[in-house]
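Subject: Structure handover

Hello,

Here is the structure for your set. My notes follow below it.

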Amino acid sequence: KRGEVTESDWLRVIRSYLPNRYAVDSGIVIDSTGKTSDQIDIVIYDLHYTPVLLTRESNRYIPAEAVYAVLEAKPTINKELLEYAGGKAQSVRRLKRTSVPVVHSDAVRPPKKLFSIVSGIVAASVDWKDGFGEPFQRVLSSKSLSGDRRIDCGCGLSHGAFDLFAANRALTFGEQQGGLVFFLFRLLGQLQSLGTVPATDWKTYARVLRSAQNE
């Protein structure tokens, strides 16, 4: 039932739709200076090139360079929870990400330009009676959800899905009946457009790991 959709349900569904190159977990994002994000419900991150640094006391620490997207899983979507998800996204986007040259065969490729981390919210329902209508759109485009706090996509099973993945960030909607599949495939398309994550400067993480192990 929609009212009983949990964070673990969303993790399972998203894992099942995304290719194996993407890992999907809850966790905390950490950078090479030792700063951390808030606890994030759903982190979509690189699996092949970036190991999870530490898993302690049920917390999974994921390097900022590895992150493609962060999503909050909530019971419903409303103004308060959209702004809450925006704050969570900001806590990740503010972290430092390194990018170093990559040795490929006999050539050295320059450092990859950093992409913008995708953010979103997923829920069983939407509080606005007209779903993703004008009241929702006013909140989404408000100053409180701008810059690092912006929300790029979302799914409310009762009303469908939305995203701002178009080149001009125009709102695109998926209807209720196919909203979940619309959300997942649009998200996958956006993830693929980002390419691979930047090559991490692992030397900068040595100090962070040493200090964490000594705590």
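Of the contacts in the protein with a separation of 6 or more, what percentage comes from residues 24 or more positions apart? The share is 69%. Please keep in mind that this is a predicted model.

Overall composition: the protein has 215 residues, and 47% of them are buried. Its secondary structure consists of 5 helices and 11 strands. The accessible surface amounts to about 10,900 Å², with carbon and sulfur atoms contributing 50% of that area.

Helix pair: H1 covers residues 7–17 and H4 covers residues 179–193. Their axes lie 10 Å apart, and the packing angle is about 60 degrees. The two helices are therefore oblique to each other, and H1 crosses H4 in a right-handed sense. On the H1 side, the contact involves Trp10, Val13, Ile14 and Tyr17; on the H4 side, Leu180, Val181, Leu184 and Phe185 take part. By class, the residues of this contact comprise 8 nonpolar, no polar and no charged.

Gln90: this residue sits in helix H2, which spans residues 79–93. Is Gln90 buried or exposed? Its relative accessibility is 17%, so Gln90 counts as buried, the cut-off for that class being under 20%. Leaving aside residues up to four places away in sequence, Gln90 touches Asp148 and Arg149. The C-alpha atoms of Gln90 and Ser119 are 9.1 Å apart, while 29 residues separate the two in sequence.

Regards

How values were computed: Residues are numbered from 1 along each chain as its sequence is written. This is a predicted model: local features need pLDDT of at least 70, side-chain atom pairs count only at pLDDT 80 or more; totals for chains, interfaces and linings use all residues. Side-chain values use heavy atoms; hydrogens and water are left out. Axes are lines fitted to C-alpha atoms, for helices over the stretch in contact, and angles run from 0 to 180 degrees between N-to-C directions. Helices (H or I, at least four residues) and strands (E, at least two) are DSSP runs, numbered from the N terminus. Angles under 35 degrees count as roughly parallel, over 145 as roughly antiparallel, 65 to 115 as roughly perpendicular and the rest as oblique. A crossing is left-handed if the near helix is turned anticlockwise from the far one by less than a right angle, and right-handed if clockwise. Contact means heavy atoms within 4.5 Å. Ala, Val, Leu, Ile, Met, Phe, Trp, Tyr, Cys and Pro count as nonpolar, Asp, Glu, Lys and Arg as charged, and the others, Gly among them, as polar. Buried means under 20% relative accessible area, exposed over 50%, partly exposed in between (1.4 Å probe, protein chains only). Accessible areas come from the Shrake-Rupley method with a 1.4 Å probe; for residues, only the protein chains shown count as cover.
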